[in-house]
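Dear colleague,

I am handing over the structure below, and I would be glad if you kept it open while reading the notes that follow it.

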Amino acid sequence: MGGIVVPGESSRVSASIPVGAPGKHQGYLTVPHSRNDSAWGSIQIPITSIANGEGPTLLFTGGSHGDEYEGQIALLKAARWLQPEMIQGRVILLPSLNHPAVLSASRLSPIDGLNMNRAFPGRRSGTPTEMIAHYVYHQLLPLADVVVDLHSGGKTLEFVPSVIMHDLPDRELHAKTLAALQAFGAPAAAILTELDSEGMLDTAVESLGKIFISTELGGAGMTTATTVRIAEQGVRNLLTHFGVLRDDEVASSQPGLTLHTPEAGCFLVSHDAGILEMLVELGDRVVPGQPVCQIHHFQEHDREPAVYEATASGILWCRHVPGLIGRGDCMAVIACDYEL
Ligand code: CA
């Protein structure tokens, strides 16, 4: 990003509810989308806004990638159970931020092929994904003190359920974000260095000096009872941590593991195409030189599989799914212990 875009521009996306106004409001964001099968058509993205009294504003998003479900489920539930009288402050919930991608159960929008989490700060007169990003950046981020974007691995990755932040140059913001990370209560907390961070909601929010929390909860294009429970409890824990919710049921537990990905070598990228065989399980400890996975060249019986070794000491934090893998795919991520 070349410099910070100042938020506040008017947007072509409109809300059917007074977002952030006192009370509970549920409706839609309307994104204009004229097309061959709908001349004056639009995309409607469900939104819930709950506000009461003085307090911080938390913006929660899920479904930024359409094939990631823990965040969508936890936020759909929150949209039902959260009531104004329970809170002090404001909660804005967008469980299916990239609604077209959610409808097609795909990572990217089927309309413009864009990755919601690489489209920030968006474009007013861009494609649907860019218009959604533009609305979030210019109309919602000015309201928000804290942004929580709930991700999972999607159809092609699976993670040790983790709450995520980045290493932030602003050390005060870093400390506040780390405290929220620990309050979330996921089995692991990770301080991530991205392979490619341009256009992320994360980067956009952090650049504005606001607290940004993300997650990687499970994956493989599905949920488990455990990963949904972690997402739901994490949402409650963050609302409580920031003083928005008075919760007697808070079950905040410190993460069992605090991890980071300090070097590019933490990301194992495939140079082969074939059938992926993992040699260690998610969460297993590995040391440099230890075989992590191998790729079978199933069209060449006389060829040995390509073995990939760990280049860092840590745990297998993320793996590729499903069985077939291509060249250039992320096979695995080794996350190292982080000294707090
Ligand atoms: Ca994701």
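In this predicted model, aspartate 337 and arginine 285 form a salt bridge, in which the closest N and O atoms are 2.9 Å apart. Because aspartate 337 lies in strand E19 (residues 330-337) and arginine 285 in strand E14 (residues 285-286), the pair ties together parts that are 52 residues apart in sequence. Aspartate 337 is partly exposed, at 38% relative accessibility, and arginine 285 is also partly exposed, with a relative accessible area of 47%.

Arginine 123 meets glutamate 130 through their side chains, at 3.0 Å from N to O; here arginine 123 is partly exposed, with a relative accessible area of 47%, whereas glutamate 130 is buried, with 15%. In the salt bridge between the side chains of aspartate 167 and arginine 171, the distance from N to O is 3.3 Å, and aspartate 167 counts as partly exposed at 48% relative accessibility, as does arginine 171 with a relative accessible area of 48%.

Please look next at the calcium ion, whose protein donors are His65 (ND1), Glu68 (OE), Glu68 (OE) and His151 (ND1), lying 2.3 to 2.6 Å from the ion. Along the chain, these donors follow the spacing H-x2-E-x82-H. Histidine 65 lies in the loop between strand E4 (57-61) and helix H1 (70-81), and histidine 151 in the loop between strand E6 (146-149) and strand E7 (157-159), so the pair ties together parts that are 86 residues apart in sequence. Are these two histidines buried or exposed? Histidine 65 counts as buried at 3% relative accessibility, and histidine 151 counts as buried at 4%.

Threonine 48, which is found in strand E3 (residues 42-52), is buried as well, with a relative accessible area of 5%. The side chain of threonine 48 makes a polar contact of 2.9 Å with the side chain of glutamine 26, and, leaving aside neighbours within four places in sequence, the residues in contact with threonine 48 include Ala79, Val91 and Leu93.

Finally, on the surface, a nonpolar patch is formed by Ile275, Phe298 and Leu324, with about 290 Å² of accessible area together. Of these, isoleucine 275 has its place in strand E13 (residues 274-278) and is partly exposed, with a relative accessible area of 37%.

With kind regards

Conventions
Residues are numbered from 1 along each chain as its sequence is written. This is a predicted model: local features need pLDDT of at least 70, side-chain atom pairs count only at pLDDT 80 or more; totals for chains, interfaces and linings use all residues. Side-chain values use heavy atoms; hydrogens and water are left out. Donors are N, O and S atoms within 2.8 Å of the metal (3.2 Å for Na, K and Ca); water is not among the atoms, so sites may look incomplete. Helices (H or I, at least four residues) and strands (E, at least two) are DSSP runs, numbered from the N terminus. Buried means under 20% relative accessible area, exposed over 50%, partly exposed in between (1.4 Å probe, protein chains only). A polar contact is a pair of N or O atoms within 3.5 Å; within protein, one must be able to donate a hydrogen and the other to accept it, and residues adjacent in sequence count only if both atoms are side-chain atoms. Contact means heavy atoms within 4.5 Å. Patches are made of residues with over 30% relative accessible area and no salt bridge: like charges are joined within 9 Å, nonpolar side chains (Val, Leu, Ile, Met, Phe, Trp, Tyr) within 5 Å. Accessible areas come from the Shrake-Rupley method with a 1.4 Å probe; for residues, only the protein chains shown count as cover. A salt bridge is a side-chain nitrogen of Lys or Arg within 4 Å of a carboxyl oxygen of Asp or Glu.
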